[in-house]
Amino acid sequence: MPIKNKEQEKEMLDWIGNVLGEAIPSNVSYEDYLKDGVVLCNLINKIAPGSVKKIQTKGSNFQLMENIQRFQAAIKKYGVPEEEIFQTADLFERRNIPQVTLCLYALARITQKHPEYTGPALGPKMADANKREFTEDQLRASEGHLNLQMGYNKGASQSGLGSFGNSRHM
């Protein structure tokens, strides 16, 4: 079970507060603040307006869990990789809060790929593709080189290595 990281949780709450433009209540725990999915839905709507059409502010556990599922669908559509998105139970039943934090960091990172998002950033800048162009001559010049991955190993061989499957005699 991954260990909760209070510093990351605080950093995440600060970022959420900055994006939403509201103060985070200090008397509520990280997971309780996020649990009903309302804050998460407001967050993705602030980042990508109109992402979640219907937000349940009160109701049964099932209705509140729908908020989390709508948030998950919206961030997947926004570009957060599926393997970084937490399961509903990770948050709602507090099964894996660090995965929730990881997912929110992924969302913060993905905002950098969206030029229309001008809100606060979090985390390191994402790398852009570094496309390289080679001339025909440069490509042809490398063809004459043999590297060790191509199977040429200057006469070295494994002959005489008859120890496979045998125990070492000391």
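A residue is termed buried when its relative accessible area is under 20%, exposed when over 50%, and partly exposed in between (1.4 Å probe, protein chains only). On that basis, 34% of the 170 residues of the protein chain count as buried. The model is predicted: local features need pLDDT of at least 70, side-chain atom pairs count only at pLDDT 80 or more, and totals for chains, interfaces and linings use all residues. Residues are numbered from 1 along each chain as its sequence is written, and side-chain values use heavy atoms, with hydrogens and water left out.

**Whole chain**

Begin with the cartoon view. The protein chain shows 7 helices and 0 strands, where helices (H or I, at least four residues) and strands (E, at least two) are DSSP runs numbered from the N terminus. Switch to the surface next: the chain exposes about 11,700 Å², of which carbon and sulfur atoms supply 53%; these areas come from the Shrake-Rupley method with a 1.4 Å probe, and for residues only the protein chains shown count as cover. Of the contacts (heavy atoms within 4.5 Å) between residues at least 6 apart in sequence, 52% join residues at least 24 apart.

**The core**

Select Trp15, Ile16, Leu34, Leu104 and Leu107, the residues with the most contacts inside the largest nonpolar core, which has 39 residues. Such a core is a set of buried Ala, Val, Leu, Ile, Met, Phe, Trp, Tyr and Cys residues joined through side-chain atoms within 4.5 Å. Two or more residues come from each of α1 (6–20), α2 (30–35), α3 (38–47), α4 (61–78), α5 (88–92) and α6 (97–110). The largest share, 9 residues, is that of α6.

Now centre on Trp15. Not counting residues up to four places away in sequence, its partners include Leu43, Ile47, Leu104, Leu107, Tyr117 and Pro120.

**Helix α3**

Select α3, in which 8 of 10 residues are buried. These are Val38, Val39, Leu40, Cys41, Leu43, Ile44, Asn45 and Ile47.

**Lys35 and Phe92**

Display both side chains. The charged end of Lys35 sits over the ring of Phe92, 4.9 Å from its centre; the criterion is NZ of Lys or CZ of Arg within 6 Å of the ring centre and within 35 degrees of the ring normal.

**Gln87**

Finish at the loop between α4 and α5, where Gln87 is found. Gln87 counts as exposed because its relative accessibility is 54%. Its C-alpha atom is separated by 8.2 Å from that of Val100, 13 residues apart along the chain.
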